[in-house]
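Here's a quick briefing to read alongside the model. Have the sequence and the 3D view open as you go.

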Amino acid sequence: MARSQGIKDFRCFIDGEWTEASSKETFESFDPFTGKVWAKIPKCDSRDVDRAVIAARRAFDSGDWSKLNATQRGHLLRRLGDLIARDADHLAATEVQDNGKLYAEMRGQVGYMPQWFYYFAGMADKVEGAVQPIDKPDMFTYTRHEPVGVVAAITPWNSPLLLLTWKLAPALAAGCTLVIKPSEFTSASTLELMRLVEEAGFPKGVVNVITGFGQDVGEAISTHNGIDKIAFTGGEVSGRRIAQQATGNFKRMTLELGGKSAQLVFPDANLDNAVKGVVSGIFAATGQTCIAGSRLLVHRSIHDEFLEKFLELAKTARMGDPMEMTTQVGPVTTQTQFKRVLSMINMAKAEGAEVAMGGKPADRPECGDGWFIEPTVFTGVRNDMRIAQEEVFGPVLSVIPFTEDDEAYQMANDTPYGLAAGVWTSDMARAFTAAKRLRAGTVWTNTYRAVSYMMPFGGFKNSGVGRESGQDAIYDFLETKSVWLAFNKDVPNPFVMR
Ligand code: NAD
């Protein structure tokens, strides 16, 4: 796929208009493969947050959007899904130029995104309240589910469009309006998506995008009393800060945060499949996924054999231009992250972990001037080392042996996170036991990195609050209202509770 040439100038999208930031300032977005600026993005501030929130509030309270019924909202969502399918090549290429993930993966992700819009379009007019069989004979009671209001969607740089889709589709189906803030490192694809929101015919102000940095635009959003809910995906530190800032008006919150997921390989596993699964868990997307299987817990009896097979496959990984369909490992998205991953590699070496592969920047000719790090494997790791406890968000695997199943579950659970886990076994009893014992929002058995619009996704412990995808996700964008109607002739004693 060809990358866009020259420097592209983007506008933000507020109240249906393409506009500069109030400051008139912009900031640069880099192509991680070339290391060069390819886009200029408006540098919004709290004035733009106010503009966007006013537009979203008006659309929610009194605009055309508030007059649509749920079936009509579903039609708009379906149309948006169709437009995304039509423009998937362009959206995927934009994302790759901005974040350096593989075009082969991004094309698949963007091609799959319409399913979220179709799924929640179908749910929009199936949100039913209930008549309660109430214990008071002179009352009729029922519940209604009403949209929570204006939602702020704050997204990270690793999969900006997919992670936005997980919020946008259920929020619109529920009848909410949105203020979106993409990562300062990868704003372009979200802005391109707004062209399709416009073409689909969503009324002005329903979906707004403001661009800028977490500490100014982000904080202005999380402290803004005109916003009713925050749907956030990002790191634990930002998530904690947002949760603290959002208490002013007790915003509703879903937080999808980081992970330190373990892949458990038992002696009865099909080792060839397990090798592929562990490779895909840590080196796909250059390890820049929240669900990266960054700890390999492998039974001692197969440790050496497994490692040998694993290194043999991992060493064949083709690095290079992420736009090429044959590339298997691309660059790290940002220069800051590149330095951070290298510093964590050095930290692991200092802790006594042994480098079995990689452990340095990649200086292969096919990597050009990009921010590439060699796929890295550490052996001799103990689960209490920092490299086994802290999220790297890069292509770095820690290998830790175990002897007893209980020991494997205990180590897998012994981090502050609980996002995902992988289990490789051919013993069904062990598979069910592992699924129960592992404290993680997702447990994959004999597979890894599978997601679907039908399956809830989210974390235990410090990996987050709430779930995205699946039927329940729409209720995170709804409030439940209890309605009471009395039909007794006289109001009884007003001084006691009814
Ligand atoms: P980040 O937390 O640095 O930034 C995420 C977003 O939050 C960005 O848009 C940023 O500008 C904004 N932000 C930062 N500080 C803010 C503040 N105080 N108030 C409001 N907004 C603020 O994360 P990142 O580096 O972009 O992404 C990597 C992290 O995201 C990793 O920890 C990864 O595990 C996590 N992640 C989680 C999931 C999941 O579904 N659980 C998925 C992908 C990524």
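Contact here means heavy atoms within 4.5 Å. This is a predicted model, in which local features need pLDDT of at least 70 and side-chain atom pairs count only at pLDDT 80 or more, while totals for chains, interfaces and linings use all residues. Residues are numbered from 1 along each chain as its sequence is written, and side-chain values use heavy atoms, with hydrogens and water left out.

**Domains**
- The protein splits into domain 1 (8-257 + 463-482) and domain 2 (262-445), with bounds that come from an automatic or database domain assignment.
- The C-alpha centres of domain 1 and domain 2 sit 31 Å apart.
- Where they touch, domain 1 puts in 25 residues and domain 2 puts in 29 residues.

**Nonpolar cores**
- A nonpolar core is a set of buried Ala, Val, Leu, Ile, Met, Phe, Trp, Tyr and Cys residues joined through side-chain atoms within 4.5 Å; buried means under 20% relative accessible area, exposed over 50%, and partly exposed in between, using a 1.4 Å probe and protein chains only.
- The largest nonpolar core has 72 residues, and those touching the most other members include Ile84, Phe120, Leu168 and Phe202.
- Helix H7 (residues 160-174) is its top contributor, with 11 residues; helices (H or I, at least four residues) and strands (E, at least two) are DSSP runs numbered from the N terminus.
- This core takes at least three residues from each of domain 1 and domain 2.
- Leaving out neighbours within four places in sequence, Leu168 is in contact with Phe117, Leu178, Ile180, Leu193 and Val207.
- Another core, of 33 residues, lies apart from it, with Met344 and Trp371 among its members.

**Two loop residues**
- Ser159 is in the loop between strand S7 (150-154) and H7, and is buried at a relative accessible area of 6%.
- Not counting residues up to four places away in sequence, Ser159 touches Glu95, Asn99, Lys101, Met106 and Gln109.
- Gly234 is in the loop between strand S10 (229-233) and helix H10 (236-245), and its 18% relative accessibility makes it buried too.
- Setting aside neighbours within four places in sequence, Gly234 is in contact with Pro156, Glu256, Leu257 and Gly258.
- From Gly234 to Arg79 is 155 residues in sequence and 29 Å in space, C-alpha to C-alpha.

**H5 meets H6**
- Val110, Gly111 and Tyr112 in H5 meet Pro114, Gln115 and Trp116 in H6.
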